[in-house]
Amino acid sequence: MMASSYSAKDEDGHITVSGPGGGTLRNKKPENTAFKQQRLPAWQPILTAGTVLPAFFIIGLIFIPIGIGLYVTSNNIKEFEIDYTGDDTSSPCYNCAQNFSWNNTKSCTCIIPFQLDQPYESNVFMYYGLSNFYQNHRRYVKSRDDSQLNGNIDSLKKPSKECEPYASVDNKPIAPCGAIANSMFNDTLKLFYNDPNGTSVPILLTSTGIAWWTDKHVKFRNPGGNNANLTAVFQGTVKPVNWHRPVYELDTDPENNGFINEDFIVWMRTAALPTFRKLYRIIQKNNNMAPTLPRGNYTLVVDYNYPVRSFEGRKRMILSTISWMGGKNPFLGIAYITVGSVCFFLGVVLLVIHHKYGNRNNSANISN
Amino acid sequence: MDFSLLRNIISRYCVGEEIWVDSRTVYIGHKEPPPGAEAYIPQRYPDNRIVSSKYTFWNFIPKNLFEQFRRIANFYFLVIFLVQLIIDTPTSPVTSGLPLFFVITVTAIKQGYEDWLRHKADCSINECPVDVVQQGKVVRTQSHKLRVGDIVVVKEDETFPCDLILLSSSRPDGTCFVTTTSLDGESSHKTYYAIPDTMAFRTEQEVDSLHATIECEQPQPDLYKFVGRINIYKDKEEPVARPLGAENLLLRGATLKNTQHIHAVAVYTGMETKMALNYQSKSQKRSAVEKSMNAFLIVYLCILISKAVINTVLKYAWQWSPDRDEPWYNHRTEHERQRHVIRAFTDFLAFMVLFNYIIPVSMYVTVEMQKFLGSYFISWDEEMFDEELGEGAQVNTSDLNEELGQVEYVFTDKTGTLTENNMEFIECCVDGNVYIPHAICNGQILSAASSIDMIDASPGGYRRVSVGFVLHSCFNYAPSNSEYEDLFFRALCLCHTVQVKEEETVDGIKRGIHQGRPTSFYISSSPDEVALFPKIFIGSSNIKLYYVIVKSSSGDYLLFCKGADSSIFPRVVSGKVEQVKARVEQNAVEGLRTLCVAYRRLSESEYQEACHHLMEAKLALQDREQRLAQAYDIIERDFVLLGATAVEDRLQEKAADTIESLHKAGMKVWVLTGDKMETAAATCYASKLFRRTTQILELTKKRTEEQSLHDVLFELNRTVLRQHCLDFGLIIDGATLSAVLKPNQEGAGHGNYREIFLEICRNCSAVLCCRMAPLQKAQVKELIKASKEHPITLAIGDGANDVSMILEAHVGIGIMGKEGRQAARNSDYAIPKFKHLKKMLLVHGHYYYIRIAELVQYFFYKNVCFIFPQFLYQFFCGFSQQPLYDTAYLTLYNISFTSLPILLYSLVEQHVSMDTLKREPSLYRDIAKNSLLRWPVFLYWTCLGVFDAVVFFFGAYFLFDNTTFTSNGQMFGNWTFGTLIFTVLVFTVTLKLALDTHHWTWINHFVIWGSLLFYVIFSLLWGGIIWPFLNYQRMYYVFMQMLSSGPAWLSIILLITVSLLPDVIKKVLCRAMCPTATERAQVQCLSFCCHFHYIFHCV
């Protein structure tokens, strides 16, 4: 149906008309080149049991150690996760979750105690996790204006149509516009270590280095350059409707304010799946020999601003160490071990087959 | 000739007894007929402008676009594009608009260029100068200004500017010679005749004084048919009417030869000339591969639609709760809220758009390119080049390349195809005495050869068979000069159409005749006697007879006739029939072609009567054929047999080897010939069509006369079914065949003979159909084509009479033979010799089939791999039509990342070496019956695609699931997720092709690794810059960030391995457990010629 009708040849048959005395004389003898005669020298591999065998064994031998290595590494990674959604009456955040209203100007705070059974060596990465939050919804993903975020003044004053319905309020442009920016995660998480002697020590949370370097320095830029007076630059724009503060008050550090605020940049990188985590803070390893997070009791203090109950979402706080292969993920290691073993097993099966059939079919052709 | 006799007949017509609508009246020189004779109806005819171009400057764009979008595939993509423009769809219109634009533009440029060339050609033709007679003077004008009725002067070696009726020629006898090389490829000179009344005209004034009208049929494409009549008005006399036939009509495109100049009147001009009508399109043939491809397409279209429907339904189910539909963080715009009525439909369309890449526009382009470029390998093939002819194979359509690998039935003509069509005289039998040149002449025979044309009349056109006739010297020695002998040679001398030319011509075959004029040497009586025999009538009828009527000096009328024995014997009344018949049969058994000669003495009255009938028939404008046949019947009877000749037509070089190979390749070979059974059977044995072991089944007239057709058929059927291990050969003749094919009138009781016949044929590896009329050739083909398996048929022939069969078959192959180029022109492929068929089918056909089969399957596979993850992703993004991949990837995946390797594969893949294919024809059986594109294979590929897609998606899913991927703790987003899957996808599908490639030339290495490298470089570049013209920067640094992560590398490697594993295992196991012949041959080849070891890395 389609293929035939597609034919690019002239199906309307054109008329070849030879004029008077027409007629071409040419040497019709084809050239004797290797290409034209289809005789280019070629390597002609054939997948037979004999030839694939070594490959299978090699894959097996390589994959299994890698898998074991990955698995061990993954197991050594310490990860702690705490759900603070507050849908359960016993949860410390229950009240905050229940009493949430968009009009609350004062944030509700809840305190969650938890215990780390093991000390966390090296840098610890603090994530917040959301579930059932469709950051990958199409309407959501495209609801942003990269040009505005890149510091373009025109886009600042006149956001892209993609940002609708979060593009303007009362004919004033929203900066940053769009659904993604509007729904930026705004819970504040603080961490306290409850010293065995009774004092509560706040843990220093670094909020830089959580976004991609290229995002922070190239893709996201404040309008009028990063050193400009942000309050003046953003004059004439309004904050996103769900935000409590305008964008130029996200942080006091001018290097981390406005569009180049790293929390903001992290949020703007939309997650691939409805259950995701985003890097919130980094707990740098101290110089001394003590673990970054020693074993013991901790308190998580949450400024509960972010409603998730309406869409049955969940909120989590995750503390994790990181290895060369990233966070805890036993899947990769297991997968490598499995595939390696399967290949090895297949190698054995093929060896049997090769001995049974290979010799019968083509005696001594394949064997070394 | 006595014209008074004719006048009566003619005047009858002039009264206007017959009124035919489909005729035109041409007023020669635009002169009105004298009042009262006829109403002058000026008719408007097109001018002589040839328009082969399709477009003008102004209508090119709209018309070309219309033409292109009339194709369903283009239209489909246009619709997708428009949907993207109109509604809010997940992917930008660019993704489908750009490829579509590309395809349309390339096609438009190609067609525009071709049209421009045509315009140029048209121009040069339309403006070439033509001499026209106006007011008694020759006026030079341009070809396109020529109008119907103009009198044209054409000089020697000029081409006729339109279809003309010859009025007079510079030759005194009113004839002119013409070659029609550019029309039908025949280089021989043909004679055309002027009307007797006008042939005496010499000067322009004379010609201009002619007052006549021509009535003729409306233009029709048959080159060899023309019916018309000319009415010549003379002062105060009754108008004279003369018949006009094809022998008066000079066709546009033909060239005047051996004649200084002619005067002729234009009857058909411009697009109405027979040449223009003839170059209309032939019906397009579709290959089996194309049919399966279309079937697969429909399946994929169904998959596409069902995917979209499923997703739409699930979307609405999922969105039931408003918190999911519009959570607080993701509101709709007011505008979107209002459109909820058509929202479901737009959602469906959006899903369609999202998944539309499953039917990629590039597949058509690639298939087209593969066919177009691939066909060059046929014409480039040196082995199919014939030094003698100076020509190689010729590809007239590239649409059927792969069909060459699917042939099940080969229908071949015998003369000129299996045999050389180079006749060598062996013996003649005159009045029962046999003369053999070698025996009599002791070596003198070779000194001077004359040649005689034997005419084998057939409705499709005359077949010329030149006979090296080496008799003349011998028969000077012949002792007895009986009357019969005398007559025999007279008959041979006179029954032909060889022209005696005044000058030496280039036509080598014909040269002999004027070195010694035939009359001058072997007629023992006075040579002058022959001169007294004016050839007064030359005719040929439909029943393969050719004869002349001459008037001897004594006033007798003699009719000499020659033709096939079957035509002559029933009409013979005396002569030594028995002896000649015996001799003829014996010769036939030896594989010689025989021809019988007879004569008849006519009295004056008989002659007149015959003339009368013939003239009457010839003047008829309607049913002329039928009337002529009746007239011939009156003449063709009461013959006296003179004798018979026998000539040998040697088999073509390697014909036997070729046929044997075709047999081994599982093809059934049918030889269709007009020869008699014995001759044909002998040829068949010589060409190994029948072997010693072949059990011959005969289904001939001789047998059906003894038993009823019914019994014979059933008996044969029983024989065939009983011992089906045996090799059967069937011989059937034309008469029996038509009896078999005749619809059964006796009712259903006897069943249908067709079915039984087909059943027998199915079990015969070789069938010989002898005594076939040309039309029956096409009928046989039709019968096989219509049988329930719908086998692929191939027809091969060299002559004009094979054209119907060539056009009818799935694949038509023409031999560039001696009988002109008509077969080669109408064929799909033309080859110089029969032996080239072997390479054509076994090597090229096999390769093309393998290549295109892989191409089609691979294309569907790679698009399943491409789109299925996207489908799965919908389950994780709230059925929001969020694309998984970036726009650039969506657009370029099929255009550039994965297109070149498969295109190259489909051009150069050789799974088995060429020599092996030639050495082992049985490998052809492996691909028979479209084996690589059958549903199980298709299902396998699709499942493989789905499996790979699942591996990609869920592999990435579990790796990404809620974990960190980098060593600095930063997180990746949805675009990294898509890019990871896409990277695995591109590598997997390319490596899958690499695994399938059996023939790694440097080009393969270059293209496969090059295309992977291109993907990487492109991705680096695409993500490396903030692209100023884009309104989103979603891909910025995504690819590089991914590559900087260790786990991403590990997972890419892992996923590629897992995706390729099943296919490798399947291949290895199949090869080990139940290897096909091809696979065995591959291994043998490996050990044979290129014994090296390698380890094929699966990764």
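This is a predicted model: local features need pLDDT of at least 70, side-chain atom pairs count only at pLDDT 80 or more; totals for chains, interfaces and linings use all residues.
## A chat about chains A and B

Reader: What span should helix 27 of chain B have, and how far apart are its end C-alpha atoms?
Author: Helix 27 runs over residues 709–722, and at 1.5 Å a residue its 14 residues should span 20 Å. The end C-alpha atoms are 20 Å apart, so the two agree.

Reader: Nice. Over to helix 21 of chain B, then. Which residues are buried in that one?
Author: Val580(B), Arg583(B), Val584(B), Asn587(B) and Ala588(B) are buried in helix 21 of chain B. They cover an arc of only 135 degrees around the axis, which puts them on the same side of the helix.

Reader: And which residues are exposed on the other side of helix 21?
Author: Glu578(B) and Val589(B) are exposed there.

Reader: What do the buried residues of helix 21 pack against?
Author: Their partners in chain B are strand 16 (419–430), strand 17 (433–435), strand 24 (592–602), strand 25 (639–651), helix 20 (565–568) and helix 25 (677–686). Just after helix 21, Gly591(B) takes a positive phi of about 85 degrees.

Reader: Let me zoom out. How many helices and strands does chain B have?
Author: Chain B has 42 helices and 32 strands. Of its 1099 residues, 60% are buried.

Reader: And what are those numbers for chain A?
Author: Chain A comes to eleven helices and ten strands, and buried residues make up 52% of its 368 residues. Among chain A contacts between residues at least 6 apart in sequence, 80% join residues at least 24 apart.

Reader: Which domains does the assignment give for chain A?
Author: Domain 1 takes in 49–76 + 334–362, while domain 2 covers 78–321. Taken over C-alpha atoms, the centres of these two domains of chain A are separated by 46 Å.

Reader: Where does UniProt list a transmembrane region in chain A?
Author: The unreviewed UniProt entry lists residues 46–72 and 331–353. In the model, residues 46–72 of chain A are 89% helix, with end C-alpha atoms 38 Å apart. Residues 331–353 of chain A are 100% helix, and their end C-alpha atoms are 32 Å apart.

Reader: Okay, new topic: which residues touch the most other members in the largest nonpolar core?
Author: Of the 208 residues in that core, they are Phe114(A), Phe264(A), Trp267(A), Leu300(A), Met317(A), Leu319(A) and Phe982(B). The largest share of the core, 18 residues, comes from helix 33 (residues 836–874) of chain B. There is also a second, separate core of 40 residues, which includes Ala665(B), Val811(B), Tyr829(B) and Leu837(B).

Reader: What does Phe114(A) touch?
Author: Leaving out residues up to four places away in sequence, Phe114(A) touches several residues, including Phe80(A), Ile82(A), Leu191(A), Tyr298(A), Leu300(A), Met317(A) and Leu319(A).

Reader: Last one: what does UniProt list for residues 824–1076 of chain B?
Author: The unreviewed entry gives "domain: P-type ATPase C-terminal" for them. Over residues 824–1076 the chain is 69% helix and 1% strand.

How values were computed. Residues are numbered from 1 along each chain as its sequence is written. Chains are lettered from A and ligands numbered from 1 in the order in which they are written. Side-chain values use heavy atoms; hydrogens and water are left out. Buried means under 20% relative accessible area, exposed over 50%, partly exposed in between (1.4 Å probe, protein chains only). Helices (H or I, at least four residues) and strands (E, at least two) are DSSP runs, numbered from the N terminus. The arc is that of the directions from the helix axis to the C-beta atoms. Contact means heavy atoms within 4.5 Å. Domain bounds come from an automatic or database domain assignment. UniProt positions are given in the numbering used here, feature names are shortened, and annotations may be inferred rather than shown by experiment. A nonpolar core is a set of buried Ala, Val, Leu, Ile, Met, Phe, Trp, Tyr and Cys residues joined through side-chain atoms within 4.5 Å. The expected span of a helix is 1.5 Å times one less than its number of residues.
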